[in-house]
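Subject: Structure for your review

Dear colleague,

Please find below the structure that I am handing over to you.

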Amino acid sequence: MASGIEARRTALATNPTIGGALALCDQQTLNLVASFQRSVVDDLRRKTFRAAEGLGAASLLISGGVAANRELRVRFTAEAAGCGLPIAFPLPALATDNAAMIAAAAWPRFLADHFAQPTLSADPSLLLGKGSEQPIKPL
């Protein structure tokens, strides 16, 4: 099995097509990936629609990188139709994750040796705009 993993790693470094990448995987690996995807989509679907019902949402907008996932789109669309709830997704090319934005915001701080204190915890309301955030002091 380790030799199969190493062969895939080497082949994937050449940026193969999706079909080429799939051809590198044995059926057991494909089944594992499909099972993981199904579990994640099912969990997101269940939590999203439970929250929508609890909040009395009139519609749903699914965004971020997860909105590009085909299975998620199909299953969320079917669930929304069953509930009579309008649902919208961005075009797949626009369904991006914010990791690149975070990296772009962090890069100048990294170059300037400005790092957050080790006690910093997750805070989704932190501001990234120039001049709008508290200065991050070097360690």
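Predicted model: local features only at pLDDT ≥ 70, side-chain atom pairs only at ≥ 80, totals over all residues.

Residues are numbered from 1 along each chain as its sequence is written, and side-chain values use heavy atoms, with hydrogens and water left out.

Helix 4

Helices (H or I, at least four residues) and strands (E, at least two) are DSSP runs, numbered from the N terminus. After the helix comes Gly 84, with a positive phi near 70°.

Buried means under 20% relative accessible area, exposed over 50%, and partly exposed in between (1.4 Å probe, protein chains only). The buried residues of helix 4 are Glu 71, Leu 72, Arg 73, Arg 75, Phe 76 and Ala 80, and they pack against helix 3 (27-55) and strand 2 (87-88). Glu 71 has a relative accessible area of 18%. Beyond its neighbours within four places in sequence, Glu 71 is in contact (heavy atoms within 4.5 Å) with Gln 37, Arg 38 and Val 41.

Nonpolar core

A nonpolar core is a set of buried Ala, Val, Leu, Ile, Met, Phe, Trp, Tyr and Cys residues joined through side-chain atoms within 4.5 Å. The largest one has twelve residues, including Val 41, Phe 49, Leu 72, Phe 76 and Ala 95. Helix 3 and helix 4 each supply at least two residues of this core.

Aromatic pairs

Rings of Phe, Tyr and Trp (its six-membered ring) pair if their centres lie within 6.5 Å; planes under 30 degrees apart count as stacked, over 60 as edge-to-face and the rest as tilted. The whole structure holds three such pairs. Phe 49 and Phe 76 have ring centres 5.6 Å apart and planes at 65°, so they are edge-to-face. This pair joins helix 3 to helix 4 across 27 residues. Trp 107 and Phe 110 have centres 5.5 Å apart and planes at 25°, and are therefore stacked.

Backbone angle

Asp 113 has a positive phi of about 60° although it is not a glycine.

Yours sincerely
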